Amino acid sequence: MPIDATLPYDESNIFARILRGEIPSRKVYEDAFALAFHDISPQAPTHILVIPKGPYVSWDDFSERASDAEIAGFVRAVGKIARDAGLVAPGYRLLANVGADSGQEVPHLHVHLFGGRRLGPMLAR
Ligand code: AMP
């Protein structure tokens, strides 16, 4: 079920539980601002999720409430993860779903990083 991105942050969401170490993930990267792990149901040869460490529901919430340091740290982490995965030369795609129309399912901001093949049209038709 897609989420309502206007609701307050829910500490019981699955990515909050991954951040707290309550459930496992296949970790790719971690620093003070971001955690990255492989998507459990990959839609491309590389499908990594990058999440901020702070409690933000969506890109909207993050862009409004996060500090400049959190935003800079998160954006730099996404770029580093893509570079470290060797995706700059072949190319890659970033995607962040926000709310019902996008189909966002987990109410903790996550940026999908896709790569490893030609990714096709930007949107499903
Ligand atoms: P979205 O539809 O943008 O909210 O994407 C949620 C993503 O989280 C989907 O691609 C799921 O496959 C992925 N996902 C859900 N649970 C887990 C989990 N425990 N570990 C890794 N990825 C997950």
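## Close-up views of a predicted model

View 1. If neighbours within four places in sequence are set aside, Gln104 is in contact with Met1, Pro2, Ile3, Ala5, Val57, Ser58, Asn97, Val98, Gly99 and His110. Gln104 belongs to the loop that runs between strand S4 (92–95) and strand S5 (111–115), and with a relative accessibility of 1% this residue counts as buried.

View 2. From Asp39, a polar side-chain atom lies 2.5 Å from an oxygen atom of the ligand, while a polar backbone atom of Ile40 is 3.1 Å from a ligand nitrogen atom. Val106 likewise takes part through its backbone, where a polar atom is 3.2 Å from an oxygen atom of the ligand. Taken alone, the ligand exposes 500 Å², and the protein buries 83% of that area.

**View 3. Salt bridges around Glu30.** The structure holds seven salt bridges, and this view shows Glu30 with two partners, Lys27 and Lys53. Between Lys27 and Glu30 the closest N and O atoms are 2.6 Å apart, and between Glu30 and Lys53 they are 2.7 Å apart. Because Glu30 lies in strand S1 (residues 27–30) and Lys53 in the loop between strand S3 (46–52) and helix H2 (59–65), their pairing ties together parts that are 23 residues apart in sequence. Lys53 is partly exposed at 31% relative accessibility, as is Glu30 at 39%, whereas Lys27 is exposed, with a relative accessible area of 52%.

**View 4. A salt-bridge network that includes Arg20 and Glu22.** Salt bridges with shared partners join Glu11, Arg17, Arg20 and Glu22 into one network. Within it, Glu22 and Arg20 form a salt bridge whose closest N and O atoms are 2.7 Å apart. Glu22 is partly exposed, with a relative accessible area of 46%, and Arg20 is partly exposed as well, with a value of 42%.

**View 5. A nonpolar patch on the surface.** Trp59, Val75 and Val98 make up this patch, and together they have about 250 Å² of accessible area. Val75 is placed in helix H3 (residues 68–84) and is partly exposed, with a relative accessible area of 46%.

How values were computed: Residues numbered from 1 in each chain as written. Predicted model: local features only at pLDDT ≥ 70, side-chain atom pairs only at ≥ 80, totals over all residues. Heavy atoms only, no water. Patch = residues over 30% accessible without salt bridge, like charges linked within 9 Å, V, L, I, M, F, W, Y side chains within 5 Å. Areas by Shrake-Rupley, 256 points an atom, 1.4 Å probe, with all protein chains shown as cover. Salt bridge = Lys/Arg side-chain N within 4 Å of Asp/Glu carboxyl O. Helix = DSSP H or I, 4+ residues; strand = E, 2+ residues; numbered from the N terminus. Buried < 20%, exposed > 50% of the residue type's maximum accessible area, 1.4 Å probe, protein only. Contact = heavy atoms within 4.5 Å. Polar contact = N/O pair within 3.5 Å; in protein donor to acceptor, adjacent residues only side chain to side chain.
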